[in-house]
Amino acid sequence: MTVLVISGGTVVRPGRDLLRADIAVRDGRIVGVGADLRRPFPDARIIDASGMYVVPGLIDTHVHLGGSAGLARSPEEFTSEQFELNLLSYLRFGVTAVLDMGGMLHLVRHWRELARLGELRSPRLFAVGPAFTAPGGHPVSTIFRDFPEEAVEMLARQVDDPVAAREEAAKLAEAGVDAIKIIYDDGEGRFPKLRREVLRAIVEEAHRHGLKAFVHIGSVGDALDALEAGADCLEHMVTEGDPGAVKRLMDAVAAAGTLYTPTLSVYGAMAELADERDLPWEGAERAASPALLRGLSDPVARKAFRERRKFFNGKLRNALENTRIAIEAGVRIAAGTDAGNPAVFHGYSLHRELELLVMAGLSPGGALAAATAGAAAKLGREELGAIAPGAAADLLVVPGNPLEDLAALGRPRWVILDGVAYAAGELWESTGGEDVS
Ligand SMILES: [Zn+2]
């Protein structure tokens with residue numbers, strides 16, 4: 001087995017002091033962190049990280065691989081080439097693991113197999129499979145409104161009583177999902193919501209199968225119900241402008257040790273789409289194809305957003321403020337973006353998320369922890385978010401100190417996934433990687 005030594009870099013471990021150390025990797029695992037590891041491994045392949053920083057690979061715990069990040073106006077947004085480019089985009093931006101938050105189970109399996117065969121460049125893929133919702137609930141009656149029935153069946157489980165809900169959850173566990181997703185949100189009365197006892201039954205059944213339950217919520221009331229039902233993570237920040245109620249919620253979330261994924265990127269993207277400027281998102285040309293960006297700039301499409309500009313700006317403002325309350329209450333954040341939604345670009349948007357988390361009050365180190373240790377805790381895969389002997393060899397070599405400038409994370413020079421090192425140039429040229437394990 002060839003050993004890879006990442007030599008001469010500064011190791012960044014969130015919450016701990018910077019460490020000048022080499023990292024030795026063998027067989028997809030970190031086998032050593034310490035001084036001068038070239039010596040015990042004289043035949044190792046060396047990556048010279050002098051003057052650079054080494055961080056764990058980033059994790060996005062809320063993505064929709066079936067979404068294009070466009071406005072779903074052209075079939076080109078959904079070709080297999082585009083899907084492959086979306087997956088590659090994660091690696092380009094240093095994201096080495098993602099959790100798909102709805103449907104796509106068959107495609108995820110297919111992509112995992114292609115990646116295993118070395119035919120596809122993809123981050124580690126985790127998936128919840130179809131999401132639980134009430135009959136006619138979100139997203140069945142909203143996003144999936146015009147979808148054929150088979151597609152809806154693939155994407156959602158509409159359940160109305162605890163017994164049927166448990167059966168469906170057990171079937172998904174059997175089918176090998178990595179977690180269970182539950183939508184508990186009535187869109188301020190616009191669509192039906194799961195009954196509380198159904199929500200509780202699904203969470204319980206998930207736990208009985210050793211799976212975590214992640215609950216999409218729409219309001220403070222939903223969040224309190226989800227918390228009481230035993231949710232492992234709340235998805236999407238509440239957007240009420242009621243600091244007292246939000247404070248009580250976040251104190252309860254912190255006390256329960258429940259994780260929170262605010263998905264600030266999706267509120268940010270909506271506000272940007274509503275903006276008067278044509279291409280407000282800086283750096284988007286690295287993140288998306290010209291056709292996709294043209295689609296997002298289409299004046300007719302943008303008009304619908306611009307007409308609700310005040311609404312979207314208000315949502316973003318409240319989401320940021322409520323995230324600040326969560327952070328101050330000591331709620332642990334697991335980073336997730338809602339990538340695949342309009343202008344929430346695959347890979348790239350995780351860096352927007354980290355910026356927004358810092359705007360909401362996290363330190364850069366706290367934001368990095370949210371996308372590494374916090375995200376790994378949500379997946380129940382702590383070995384993915386750490387740099388220590390025994391941890392997975394998912395690592396980034398970045399050109400600057402992310403604790404001083406988070407932007408360095410968005411430009412990794414090396415991306416190491418499961419012990420396989422990709423130079424940035426290879427990822428951006430789409431040529432072959434080099435297996436060093
Ligand atoms: Zn989502």
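Predicted model: local features only at pLDDT ≥ 70, side-chain atom pairs only at ≥ 80, totals over all residues.
Arg 196 belongs to helix α5 (residues 196-208) and Asp 225 to helix α6 (residues 220-229), so the pair ties together parts that are 29 residues apart in sequence. The two partners fall into separate accessibility classes: Arg 196 counts as partly exposed at 40% relative accessibility, whereas Asp 225 counts as buried at 16%.

Arg 195 also takes part in a salt bridge, here with Glu 197, the closest N and O atoms being 2.6 Å apart. Arg 195 is partly exposed, with a relative accessible area of 36%; for Glu 197 the value is 36%, and this residue is likewise partly exposed.

Another pair is formed by Lys 171 and Glu 168, whose closest N and O atoms are 3.3 Å apart. Both lie in helix α4 (residues 162-175); because they are three residues apart there, about one helical turn separates them. A network of salt bridges links Arg 166, Glu 204, Glu 205 and Arg 208. Over the whole structure, the search finds 25 salt bridges.

## The zinc site

The zinc ion has three protein donors, namely His 62 through NE2, His 64 through NE2 and Asp 338 through OD, lying 2.1 Å from the ion. Along the sequence, the spacing of these donor residues is H-x1-H-x273-D. The pair of His 64 and Asp 338 links distant parts of the chain, 274 residues apart. His 64 is placed in the loop between β8 (58-63) and α1 (80-92), and Asp 338 in the loop between α12 (309-329) and α13 (349-359).

His 64 is partly exposed, at 21% relative accessibility. Asp 338 is buried, with a relative accessible area of 8%.

## Domain organisation and interface

The chain is divided into two domains: domain 1 comprises 4-55 + 388-429, and domain 2 comprises 57-384. Their C-alpha centres lie 29 Å apart. In domain 1, 24 residues are in contact with 24 residues of domain 2. The area buried between the domains is about 2,100 Å², and carbon and sulfur atoms give 65% of it. On the side of domain 1, Leu 406, Leu 427 and Trp 428 lose the most area to domain 2; together they account for 29% of what that side buries.

Arg 124 forms a salt bridge with Asp 418, with 3.6 Å between the closest N and O atoms. On the side of domain 1 that touches domain 2, the elements giving two or more residues are β17 (395-398), β18 (414-417) and α16 (424-429).

## The surroundings of Arg 121

Arg 121 is located in the loop between α2 (105-116) and β10 (124-127). At 15% relative accessibility, Arg 121 counts as buried. A polar atom of its side chain lies 3.5 Å from the backbone oxygen of Glu 426. Arg 121 and Asp 146, by contrast, are 25 residues apart in sequence and 32 Å apart in space, C-alpha to C-alpha.

## Backbone geometry in loops

A cis peptide bond joins His 138 and Pro 139, with omega about 0 degrees. Pro 139 is part of the loop between β11 (131-133) and α3 (149-155).

Positive phi values occur in two residues other than glycine, Met 104 and His 236. For Met 104, phi is near 65 degrees; the residue is found in the loop between β9 (95-100) and α2 and counts as buried at 7% relative accessibility. For His 236, phi is about 80 degrees. His 236 lies in the loop between β15 (233-235) and α7 (243-256) and is buried, with a relative accessible area of 7%.

Technical notes. Residues numbered from 1 in each chain as written. Heavy atoms only, no water. Donors = N, O, S within 2.8 Å, 3.2 Å for Na, K, Ca; no water. Helix = DSSP H or I, 4+ residues; strand = E, 2+ residues; numbered from the N terminus. Buried < 20%, exposed > 50% of the residue type's maximum accessible area, 1.4 Å probe, protein only. Domains from an automatic or database assignment. Contact = heavy atoms within 4.5 Å. Buried area = accessible area lost by both parts, 1.4 Å probe. Salt bridge = Lys/Arg side-chain N within 4 Å of Asp/Glu carboxyl O. Polar contact = N/O pair within 3.5 Å; in protein donor to acceptor, adjacent residues only side chain to side chain.
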